[in-house]
Amino acid sequence: MSESLWLIPACLAVGGVIGFSGGVLGIGGGLFAIPLLGLVLGYEQQAAQGTALIMVLPAVLLTVRKYHQRSPIDLRSAAAGAGGSIVFTWIGAQIALGIDPWLLRRIYAGFVFLIALFYFRESLGRKALARPASHFREVGQVRRLWYFLVGIFAGLTGGVFGVGGSVLAVPLMTTLFHLRQTSAQALALTMIVPGTVVALATYAWHGQAHGLVGIPLALGSLLCVPYGVRLAYALPEARLKLIFACMLLIIMALLLARGAA
């Protein structure tokens, strides 16, 4: 009982920081929560991923709503991506639940590192500093079949890692489809909502989602998501990508610190 007394307010505070960061970067905050749950509370990788999903689902829903208020999301394109993600999220979750936690943590760290390198390249390259308006496309200008295929990759990633589907989908859409960063973030989060529900149900069914920690994390996150989204629209594109890359490196360091502990 004494542990839960400090644990709940601590989770509320941490959830607030994670929610703000997730709102800025359009990733739902789960990438930050997973290494922290492992490092601070000693959760195995699968339990950290499942518990983080309790926070991620309502945070993603609120973030999507705030992005939609700023700029309407093409829901048909998002539905195409969601259609590709649902089944593959379940497949990915089944794979993750059968992997050794030590190995899964290192695979996760490697995935985060590769995404961070991509965003450093995007934010620091010369092209990122002077892209004309004609470079960018609107979401509706891309065939929905491509969003379906992105959804497959995002779903598999989100299932294996608990979260991270939008982290993969965003660079795919900004690089291959030339969407703006904020447009890609909003669309990616919308298309992973059904898959996130599937992932949470799968991890919870196997006893790998702990509500005592996940629920206060979710409540704290929901309070701060709107402020993060507001900042995302105020930041220049290259600056947003650079912040994203730096935060991913911090996440990787936390994961590796947990592995060395």
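# Reading buried contacts, ring pairs and a salt bridge

Reply: Glu44 is partly exposed, because its relative accessible area is 41%. The model in which this residue is examined is predicted.

Me: Which residue meets the side chain of Glu44 in a salt bridge?

Reply: Side chains of opposite charge can pair when their charged atoms come close. Here the partner of Glu44 is Arg105, with 3.7 Å from N to O. A search of the whole structure finds one salt bridge.

Me: Where in the chain do Arg105 and Glu44 lie?

Reply: Arg105 belongs to helix α5, whereas Glu44 sits in the loop between α2 (30–41) and α3. The two are 61 residues apart, and the pair links distant parts of the chain.

Me: Is Arg105 buried or exposed?

Reply: Arg105 counts as buried, because its relative accessibility is 5% and the limit for that class is under 20%.

Me: Is Gln49 buried or exposed?

Reply: Gln49 is buried, because its relative accessibility is 0%. Gln49 also lies in helix α3. Not counting residues up to four places away in sequence, Gln49 touches Ile34, Ala96, Leu104, Tyr108, Val160, Phe161, Gly162 and Tyr203.

Me: How many residues does the largest nonpolar core have?

Reply: In soluble globular proteins, nonpolar side chains tend to be buried together. In this structure the largest nonpolar core has 74 residues. Helix α3 gives the most to this core, with 13 residues. The residues with the most contacts inside the core are Tyr108, Val112, Tyr147, Met173, Leu179, Leu187 and Leu248.

Me: What does Leu187 touch, not counting residues up to four places away in sequence?

Reply: Under that condition, Leu187 touches Ile73, Asp74, Ser77, Ala78, Val139, Tyr147, Met173 and Leu179. Tyr147, Met173 and Leu179 are also among the core residues named for their contacts.

Me: How many aromatic pairs does the structure hold?

Reply: A pair of aromatic rings is described by the distance of the centres and the angle of the planes. The structure holds three such pairs. In one of them, the rings of Phe111 and Phe161 have centres 4.9 Å apart and planes at 25 degrees, so this pair is stacked. The pair links distant parts of the chain: Phe111 is in helix α5 (residues 101–124) and Phe161 in helix α7 (residues 144–161), 50 residues apart. Both Phe111 and Phe161 are buried.

Me: What kind of aromatic pair do Tyr147 and Phe177 form?

Reply: Tyr147 and Phe177 form an edge-to-face pair, with 5.6 Å centre to centre and 90 degrees between the planes. This pair also links distant parts of the chain: Tyr147 is in helix α7, and Phe177 is in the loop between α8 (165–176) and α9 (181–205), 30 residues apart. Both Tyr147 and Phe177 are buried.

Me: Which residues do ring pairs link into a cluster?

Reply: The cluster consists of Tyr108, Phe111 and Phe161. Within it, Phe111 is buried because its relative accessibility is 14%. Gln49 touches both Tyr108 and Phe161.

Me: What is the phi of His178?

Reply: His178 has a positive phi of about 60 degrees although it is not a glycine. The residue is found in the loop between α8 and α9. His178 counts as partly exposed, because its relative accessibility is 28%.

Me: Which residues form a nonpolar patch on the surface?

Reply: The patch is formed by Ile86, Val87, Phe88, Trp90, Ile91, Ile95 and Leu156, and together they have about 570 Å² of accessible area. Helix α4 (residues 75–97) gives the most to the patch, with six residues. Phe88 lies in this helix. Phe88 is partly exposed, because its relative accessible area is 31%.

Technical notes: Residues are numbered from 1 along each chain as its sequence is written. This is a predicted model: local features need pLDDT of at least 70, side-chain atom pairs count only at pLDDT 80 or more; totals for chains, interfaces and linings use all residues. Side-chain values use heavy atoms; hydrogens and water are left out. A nonpolar core is a set of buried Ala, Val, Leu, Ile, Met, Phe, Trp, Tyr and Cys residues joined through side-chain atoms within 4.5 Å. Buried means under 20% relative accessible area, exposed over 50%, partly exposed in between (1.4 Å probe, protein chains only). Helices (H or I, at least four residues) and strands (E, at least two) are DSSP runs, numbered from the N terminus. Contact means heavy atoms within 4.5 Å. Rings of Phe, Tyr and Trp (its six-membered ring) pair if their centres lie within 6.5 Å; planes under 30 degrees apart count as stacked, over 60 as edge-to-face and the rest as tilted. Patches are made of residues with over 30% relative accessible area and no salt bridge: like charges are joined within 9 Å, nonpolar side chains (Val, Leu, Ile, Met, Phe, Trp, Tyr) within 5 Å. Accessible areas come from the Shrake-Rupley method with a 1.4 Å probe; for residues, only the protein chains shown count as cover. A salt bridge is a side-chain nitrogen of Lys or Arg within 4 Å of a carboxyl oxygen of Asp or Glu.
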